[in-house]
Amino acid sequence: MNDQIHPRAPETVNRAASVSAPACGPRAGYLDHARVGPLSRRAAVALTAATDLATRSDPADLDRLFALSDAARTSAARLLDARPHEIALAPSTSNGLFTVAAGLQGPGTVLVPRDEFPANVYPWLRFAGRGGPAVRLVAPDGRRHITPDLLRRNLTPDVTALTVSAVDSLTGHVAPLAALKEVLGPDRLLIVDAIQGLGAVPLETDAADVLVSGGQKWLRAGWGAALLLIRDRCAERLAPGLGGWAGVAEPFAARHPAPPLPGAAAHLATNPDFPAAAAIGAAVDELLAEGGPAATGARIRATLAELLDRARQAGAEILLDGLGHRERAGIGTFRLPGHDPVTVHRTLEAAGVITTRRDEWIRLSPHTSTPAAAVDLFAEALHTLTTGSTRTGNTLTLQEPTCPTT
């Protein structure tokens, strides 16, 4: 059979197959999902089952691999309130953003918040001198990385797009996507890097003209696949800049270039990583089965609020402490005045509390799998830092891995 991507008849996909899942998950004190979300049980099972399919030689097994990719796009469409053909699977968030940058031709200017994560900076810089729009870096409005007022002050006639993280990776600030799109209007694109929010909290994804998100953080799906959403309303604005043989309707035509496939698939350079596609599809299915981003977000935000409250009690300064409930995602960042941040980070790690240090700041990012014991473990580690001793009867020890419930 041919190995190119073409529409296939719907079929039932059993992502789990009969492969056993790994026995246990991350440590109880793992609070670093904004860096890496350890695979969920369901994603791990799907990944293993798809890898097993890839070891076989029966054509039917290859058909099943293609079907897993199609199923992942269908699940993502449900999550993002999109049509399946508006979604493709890119290898990573960075690759997806480079794909969009390659397709967005000049003239014009794309606005990029100055404090954006580098993955959402370099694609625009690299293509600015290669036929893409110019880049204008926008200084943040206080600690909030982008606001409608800030956008309005920078919205000159040459601006054709804004690219922004749905959630700032340091502060946890949730970008007001709907308000930003309203300022941009229908003729300018809102491009969203959603990796720090998708799977953690509800996002105004319907406001995004283009959205990209990998699965290795809050979706807990591992590396190798990212969701690339290009809505029909802006599809004609993006040329298939990186689109290769997998993005055309007749890859073996006598003459090239062949007509592009409809929708986001036109931007595919090659076939996706099918086991990774199975994992991200299973992760999205799991998220939807657990009540979707609203239910997941409520649990994550509640745990984060407890962690930040314990940090305040220990005398910590919280970055952007004035954020409203819906303005903060699953990320909270603090520092302990008078304490070396390297020592703080190492002390937490020695106590079994896994976090990320960004210069003087310590970032917390729990998930729905974070047990209540993690809050106490964190509080005890802070008590040790601020007093030099543990509470009576309490001993800090490295936590054994805990088995996930789902």
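**Exercise 1. Work out which way the side chains of strand β11 point, and whether they are buried or exposed.**

Solution. Start with the strand itself, residues 361-364 in this predicted model. W361 and R363 point one way, while I362 and L364 point the other way. Now check burial: W361, I362, R363 and L364 are all buried.

**Exercise 2. Find the strands that pair with β11, and say how they run.**

Solution. Take β9 to begin with: three bridges join β9 to β11, and the two run antiparallel. Within that pairing, F334 stands opposite I362 of β11. Next comes β10, residues 356-358, which is also joined to β11 by three bridges and runs antiparallel to it. Here R358 has W361 as its bridge partner in β11.

**Exercise 3. Classify the ring pair F334 and F378, and say which parts of the chain it ties together.**

Solution. You need two numbers, as a pair of aromatic rings is described by the distance of the centres and the angle of the planes. For F334 and F378 the centres are 5.7 Å apart and the planes are at 75 degrees. The edge-to-face class takes angles over 60 degrees, so this pair is edge-to-face. Then place the partners: F334 lies in strand β9 (residues 332-335) and F378 in helix α10 (residues 373-387), so the pair ties together parts that are 44 residues apart in sequence. As for burial, F334 has a relative accessible area of 0%, and F378 also counts as buried at 0%. The count of aromatic pairs comes to three.

**Exercise 4. Describe helix α10: its span, its burial and what covers it.**

Solution. Span goes first. α10 has 15 residues and reaches 21 Å from its first C-alpha to its last, close to the 21 Å expected at 1.5 Å a residue. Burial is next: the helix is mostly covered, with 11 of its 15 residues buried. Among them are F378, E380, H383 and T384. The cover over these buried residues includes α8 (292-313), β9, α9 (341-350) and β11.

**Exercise 5. Locate the largest nonpolar core and list elements that supply it.**

Solution. Size it up: this core has 52 residues, and L80 and L177 have the most contacts inside it. Then trace the contributors. Elements supplying at least two residues each include α2 (59-80), β4 (159-165), α6 (177-184) and α7 (274-289). The largest share, seven residues, comes from α7. Now zoom in on L80: leaving out residues up to four places away in sequence, L80 touches I87, L198, T205, L211, L227, L229 and R231. There's also a second, separate core of 27 residues, which includes A88, L97, A101 and L104.

**Exercise 6. Sum up the whole chain in a few numbers.**

Solution. Count the elements: 10 helices and 11 strands. Of the 406 residues, 53% are buried. For contacts with a separation of 6 or more, 72% are between residues 24 or more positions apart. Finish with the surface: the chain exposes about 17400 Å², with carbon and sulfur atoms supplying 52% of it.

Notes: Residues numbered from 1 in each chain as written. Predicted model: local features only at pLDDT ≥ 70, side-chain atom pairs only at ≥ 80, totals over all residues. Heavy atoms only, no water. Core = buried A, V, L, I, M, F, W, Y, C linked by side-chain atoms within 4.5 Å. Buried < 20%, exposed > 50% of the residue type's maximum accessible area, 1.4 Å probe, protein only. Helix = DSSP H or I, 4+ residues; strand = E, 2+ residues; numbered from the N terminus. Contact = heavy atoms within 4.5 Å. Phe/Tyr/Trp six-rings, centres within 6.5 Å; stacked < 30°, edge-to-face > 60°. Pairing = 2+ DSSP bridges. Areas by Shrake-Rupley, 256 points an atom, 1.4 Å probe, with all protein chains shown as cover. Expected span 1.5 Å × (residues − 1).
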